[in-house]
Amino acid sequence: MQHVATEPRDGDLSLAEHAYRAIRDRLVMLEIRPGAPINEEQLAQSLGVGRTPVREALKRLQYERLITTYPRRGTFATDVNITDLAHISEVRQELEPLAAAQAARRATATDRATLKALLRELASANSGRHDATELMHLDLQVHRAIYAATHNPYLEDTLVRHDNLATRIWCLFVDRLSDMAGHVEEHGPLIEAIVAGEPDKAAQLARSHVEGFERAIRDAI
């Protein structure tokens, strides 16, 4: 599966930013399991960087609630607590529609090209060619591309963090979700509304998507 780059290429990033994004996505996709200890040296070796960039990345990830540090015990990936779903959804139900509407108003030609490329990839999401992990990555890419198209760094930062936390919950229950491809495919009409510059329709679709996500998780518990 070919991933569409919605963030700067690694060659354009500092070592700390590269480390942050790599570790962040391992935590989000539960490649680093909830509750697992975080070993700076092992992470540095696996990423091919020194310990300083890893240490800087971990400071950011603690702020984003993806890792937690206990005195005299060490640093661990945060647990995924289903009781957090209501709190996360409360934020996303207000801010996802705002982001979709602003993206529809502000998306540049480059943003629209990125979203159209993701739309083509979404079209094949239900063909059976994508496994669960690939669908998860595609879902993250779509959300991050929409947030970037708002051209509001504060809104983008807030939503990336909350979408990351929601995705961890999704990963935990993925084996129990019956129509994962259908959930990801819902982004198609949303992207079309953004590309067409229809903020009201985009906001409505975004709200419906977040509500459907929470409902699907609760049904799976």
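How many helices and strands does the secondary structure of the chain come to? The secondary structure comes to ten helices and two strands, where helices (H or I, at least four residues) and strands (E, at least two) are DSSP runs, numbered from the N terminus. This is a predicted model, in which local features need pLDDT of at least 70 and side-chain atom pairs count only at pLDDT 80 or more, while totals for chains, interfaces and linings use all residues. Residues are numbered from 1 along each chain as its sequence is written, and side-chain values use heavy atoms, with hydrogens and water left out.

**Figure 1. The whole chain.**
Along the sequence, the elements follow the order α-α-α-β-β-α-α-α-α-α-α-α. The radius of gyration of the chain is 17 Å, close to the 17 Å that the globule rule gives for 221 residues, so the chain is as compact as a globular protein of that length; the radius is taken over C-alpha atoms, and the rule is 2.2 Å times the number of residues to the power 0.38. Along the principal axes, the C-alpha atoms fill a box of roughly 50 × 40 × 35 Å. Of the 221 residues in the chain, 51% are buried (buried means under 20% relative accessible area, exposed over 50%, and partly exposed in between, with a 1.4 Å probe and protein chains only). Among contacts with a separation of 6 or more, 76% come from residues 24 or more positions apart, a contact being heavy atoms within 4.5 Å.

**Figure 2. Helix α6 against helix α7.**
Helix α7 (residues 153–173) packs with α6 at an angle of about 165°, their axes lying 10 Å apart; axes are lines fitted to C-alpha atoms, for helices over the stretch in contact, and angles run from 0 to 180 degrees between N-to-C directions. That angle makes α6 roughly antiparallel to α7 (angles under 35 degrees count as roughly parallel, over 145 as roughly antiparallel, 65 to 115 as roughly perpendicular and the rest as oblique). The crossing of the two helices is right-handed, a crossing being left-handed if the near helix is turned anticlockwise from the far one by less than a right angle, and right-handed if clockwise. Residues of α6 that include Met136, Leu140 and Tyr147 meet residues of α7 that include Leu159, Val160 and Trp170. By class, this contact of α6 with α7 has eight nonpolar, three polar and four charged residues, with Ala, Val, Leu, Ile, Met, Phe, Trp, Tyr, Cys and Pro counted as nonpolar, Asp, Glu, Lys and Arg as charged, and the others, Gly among them, as polar.

**Figure 3. Helix α6 against helix α9.**
The axes of α6 (residues 132–149) and α9 (residues 187–195) come within 12 Å and cross at roughly 20°. That makes α6 roughly parallel to α9, and the crossing is left-handed. On the α6 side, Asp139, Val142, His143 and Ile146 meet His187, Leu190, Ile191 and Ile194 of α9, and the residues of this contact divide into five nonpolar, two polar and one charged. The buried residues of α9 are His187, Gly188, Leu190, Ile191, Ala193 and Ile194. Just after α9, Gly197 takes a positive phi of about 70°.

Arg65, found in the loop between α3 (51–63) and β1 (67–70), has a positive phi of about 65° although it is not a glycine. The relative accessible area of Arg65 is 63%, which makes this residue exposed. Arg72 lies in the loop between β1 and β2 (74–77), and its phi, near 65°, is a positive value in a residue other than glycine. Arg72 also counts as exposed, at 86% relative accessibility.
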